[in-house]
Every structure is written in C-alpha cells, then in structure tokens.
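Reader: Could you walk me through this model? I would like to have the terms spelled out as we go.

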Amino acid sequence: RLKYHGEQTHRDQPSPQAVVTMAAAVAVAVAVVAVASSTTTRCDNPANKYPMNLLDRVNATQKTVNEFLDQPFEWGVADCAILAARHVENFGFETVQSKARKYRSAKGAKRAMLQFGAKSMEDFVDQYGFERIPPASTLPGDIVGFPGGTEDDEWTALGIVTDPGERLIGFANGRVMKGPTSVCTVAWRVA
C-alpha cells in the first residue's frame with residue numbers, strides 16, 4: 001500500500017488526485033510536443049532543401065551519435081572539429097572539412113584552423129554563420145563549446161546537444177561520451 005496525500009491506495013490503482021495530476025502532465029507534454037514539432041529552423045543552405053522540424057533535428061543528431069559515441073579520440077580522424085563537421089553535414093550543410101589540411105596533432109589542428117582564418121574553435125564555428133545562442137536555449141543538434149585541452153594549452157572543445165538543457169556528446173577522457181550541458185560556455189543554433 002502507498003500513501004498519497006493521506007489516502008491509502010492500491011499500487012495498481014492511482015488515487016483520483018494522481019489521475020488528475022497525470023492527465024495534466026500528459027496534456028502539457030502533448031502541447032509541448034505539438035509546439036516543438038511545428039517549430040522550424042531557418043536554413044539558407046541549398047543542400048538542405050526545406051526547414052527542419054524538431055523530429056528531423058533529433059534524427060540527424062541520432063545519426064551523429066550513432067557514428068561517434070564511444071569512438072576513441074584521434075587528431076584529424078575523430079576529434080571535436082571532425083565531430084562538429086560531420087554533424088553539420090548530417091544536417092545537410094556543406095563543410096570545409098574536406099578542404100582542410102590533414103593533421104595528426106594539436107599543433108596541426110591549429111594550423112588547419114588558421115588556414116581558414118580561425119584563431120579559435122569559436123571563430124571556426126562562427127564562419128558557418130550559425131547564430132550564437134545561450135547554452136540554456138539549445139535544441140537537439142545544436143553545437144556547444146565547453147572547456148577543453150590541458151592546463152598548459154586550454155581551448156574550447158565542441159560537442160553536440162542530444163537532450164536540450166541536459167546532455168551532450170563530446171570528447172572527454174579520450175573518447176566520445178555523454179556529458180552535462182551545464183559545462184557549456186557557448187552554443188550555436190544549427191539552422
């Protein structure tokens with residue numbers, strides 16, 4: 001037996017108050033999903049022929065997660081720039097990744113960024129023209145930045161939001177893993 005606001009109910013039968021509370025929660029969830037799925041994002045890129053709704057964003061993000069989750073870190077093969085570029089491609093955008101020089105080290109990665117006039121990861125993502133947004137305003141599939149590197153060589157690492165306000169995927173401890181979005185210091189709306 002469970003107690004609910006002083007009433008005794010059976011485990012299999014919720015009290016009338018619990019039914020009303022659950023119905024209200026379901027109504028709110030349905031309203032949120034209806035609004036979210038009608039929300040579209042702007043996309044001027046001809047490779048992406050029509051705006052993405054929330055379900056399309058989630059599907060494109062899942063494709064990135066499937067490709068990268070648990071993948072070991074390797075400069076120029078599987079690093080945060082490669083993760084972000086592949087993700088942007090999953091959204092239908094063209095990237096400069098194929099034009100970038102090959103690199104196998106942090107120094108090489110910095111030289112590759114400089115090739116495109118970027119002095120930081122923030123500069124690099126800004127060149128795509130994505131709008132910067134507060135990290136707390138992210139949607140699934142948005143790119144986020146968080147502290148990366150070492151004490152001697154700090155930089156912004158990139159990740160992809162999987163659950164808005166909750167989770168991201170990005171490189172940490174030598175592989176792609178899930179982490180909290182609370183560590184994010186910058187974000188871009190991929191649209």
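Author: Let me begin with a definition: two strands pair if DSSP finds at least two bridges between them. Helices (H or I, at least four residues) and strands (E, at least two) are themselves DSSP runs, numbered from the N terminus. By those rules, strand 6 (residues 167-172) and strand 7 (residues 175-180) pair in the antiparallel sense over six bridges.

Reader: Which residue stands opposite R167 in strand 7?

Author: That is P180. Strand 6 and strand 7 form a hairpin with two residues between them, and N173 in the turn has a positive phi of about 55°.

Reader: Before going on, what are the ground rules here?

Author: This is a predicted model, in which local features need pLDDT of at least 70 and side-chain atom pairs count only at pLDDT 80 or more, whereas totals for chains, interfaces and linings use all residues. Residues are numbered from 1 along each chain as its sequence is written, and side-chain values use heavy atoms, with hydrogens and water left out.

Reader: OK, and how many helices and strands does the protein chain have?

Author: The protein chain has five helices and eight strands, and their order from the N terminus is β-β-α-α-α-α-α-β-β-β-β-β-β. Of its 191 residues, 39% are buried, where buried means under 20% relative accessible area, exposed over 50%, and partly exposed in between (1.4 Å probe, protein chains only).

Reader: Switching to helix 4, which residues are buried there?

Author: In helix 4 (residues 106-115), the buried residues are G108, A109, A112 and M113. They lie on the same side of helix 4, because they cover an arc of only 140° around the axis, the arc being that of the directions from the helix axis to the C-beta atoms. On the other side of helix 4, K107 and L114 are exposed.

Reader: And what covers the buried residues of helix 4?

Author: The cover includes helix 5 (121-126). Helix 4 is also followed by G117, which has a positive phi, near 80°.

Reader: One more: is H87 buried or exposed?

Author: H87, which belongs to helix 3 (residues 80-90), is buried, with a relative accessible area of 0%. Leaving aside its neighbours within four places in sequence, H87 is in contact (heavy atoms within 4.5 Å) with A60, T61, T64, G141 and I160.

Reader: What share of the contacts in the protein chain with a separation of 6 or more comes from residues 24 or more positions apart?

Author: Such residues account for 53% of those contacts.
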